[in-house]
Every structure is written in structure tokens, then in C-alpha cells.
Amino acid sequence: MNCLGCRLANSLEPVNIVYEDNNICCILDIEPFNEGHTLILPKKHFFELEELDDETALAIIIASKKLSIVLKRLYGLDGISVSQNGGLFNELTHYHMHLIPRFQGDGFSWSEPLFKHGAEDRLAVTKYKMIEALKNL
């Protein structure tokens, strides 16, 4: 297996597994933003969210729910950020979801766009385009 994500998800590399089932493996991030920062990886290779089969997608959501409950109980979190980076932003080149434990004032941020793009002025048009595109799936 050349894919690091596949190797991690199938325990072919040293990992700290916190939960797994037949479809996914949940491991602690080796560079955690906060304690308990977890990655959920499919055992089969997928690159993008839309490539996931329904069984794997459901397993990811069920695991994220279970782990969110556990993280909140263990660490008294103020919240959890869920993140998945696709395309050029998927540095692992294997689908993975981050569960990031959050505390008020922890420095984690969601930044605003660097440049004005005007998307807020096109919400009605964007809504129409998306609804029409969904009809063709």
C-alpha cells in the first residue's frame, strides 16, 4: 500500500487506535490541536468525500457521534470542531475527518476570506443553482 492513509487506517504504521469497525479506523492525531484530537479514516481508499460509499459514510458519522460524546465527557470541552479537507487541501491524499476538541480561547480559528468575493450578494442565485443540480444526482 503506497497510500499513507490506507496504511494508517489498516494499522500498517504505528497508530493509537481509539475506535474501529469493519469500515473505519479512528486514531489520535500525532500533532493534536488539543488532547483527544482524532482522525477518522476509512479502511478502503477514498480521496474525496463524494467517493465514499454509503456504508463507509454512515460508519464515519456514527463514529464521530460516539467519539464526540466520549471527548466531551473526558475533557469537559466547550465544543468540538469537525473538519475535512478535500482536493488540494487533503494533505494525506486519503479521506479523513478531524474531530478537534475545543476550549474557549484555545486559538483555533476559522478565518474570513482574504479577498471580497461577493458570494453573500448571490445567495438566491446560488440556492437555485444548487437545488437544480441536486435534482440531477
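Predicted model: local features only at pLDDT ≥ 70, side-chain atom pairs only at ≥ 80, totals over all residues.
Two strands are said to pair if DSSP finds at least two bridges between them.

**First stop: strand β3.** Select residues 38-42, which form β3. This strand pairs with β5 in the antiparallel sense, over 3 bridges.

Is β3 enclosed or open to the outside? Of its 5 residues, 5 are buried, so the strand is largely enclosed by the rest of the structure. Turn the view to examine both faces: Thr38, Ile40 and Pro42 lie on one side, Leu39 and Leu41 lie on the other, and all of these are buried.

**Second stop: the nonpolar cores.** Select Ile24, Cys26, Ile40, Ile60, Tyr95, Met97 and Leu99, the residues with the most contacts inside the largest nonpolar core, which has 14 residues. At least two residues of this core come from each of β2, α2 and β5. The largest share, 5 residues, is supplied by α2. In soluble globular proteins, nonpolar side chains tend to be buried together.

Now centre the view on Tyr95. Which residues does Tyr95 contact, leaving aside its neighbours within four places in sequence? Among them are Ile40, Leu41 and Pro42, as well as Phe46, Phe47, Ile60 and Asn90. A second, separate core of 7 residues may then be selected through Leu8, Ala9, Ile27 and Leu92, which it includes.

Most residues other than glycine have a negative phi. Select Ser11, in the loop between α1 (4-9) and β1 (17-20). Although Ser11 is not a glycine, its phi is positive, at about 55 degrees. Ser11 counts as partly exposed, at 38% relative accessibility. Then select Thr93, in the loop between β4 (79-83) and β5 (97-102). Thr93 is likewise a residue other than glycine with a positive phi, near 55 degrees. Its relative accessibility is 44%, and Thr93 therefore counts as partly exposed.

**Last stop: a surface patch.** Select Val70, Leu74 and Tyr75, which make a nonpolar surface patch of about 270 Å². Val70 is located in helix α2, residues 54-75. With a relative accessible area of 41%, Val70 is partly exposed.

Note on methods:
Residues numbered from 1 in each chain as written. Heavy atoms only, no water. Patch = residues over 30% accessible without salt bridge, like charges linked within 9 Å, V, L, I, M, F, W, Y side chains within 5 Å. Areas by Shrake-Rupley, 256 points an atom, 1.4 Å probe, with all protein chains shown as cover. Salt bridge = Lys/Arg side-chain N within 4 Å of Asp/Glu carboxyl O. Helix = DSSP H or I, 4+ residues; strand = E, 2+ residues; numbered from the N terminus. Buried < 20%, exposed > 50% of the residue type's maximum accessible area, 1.4 Å probe, protein only. Core = buried A, V, L, I, M, F, W, Y, C linked by side-chain atoms within 4.5 Å. Contact = heavy atoms within 4.5 Å.
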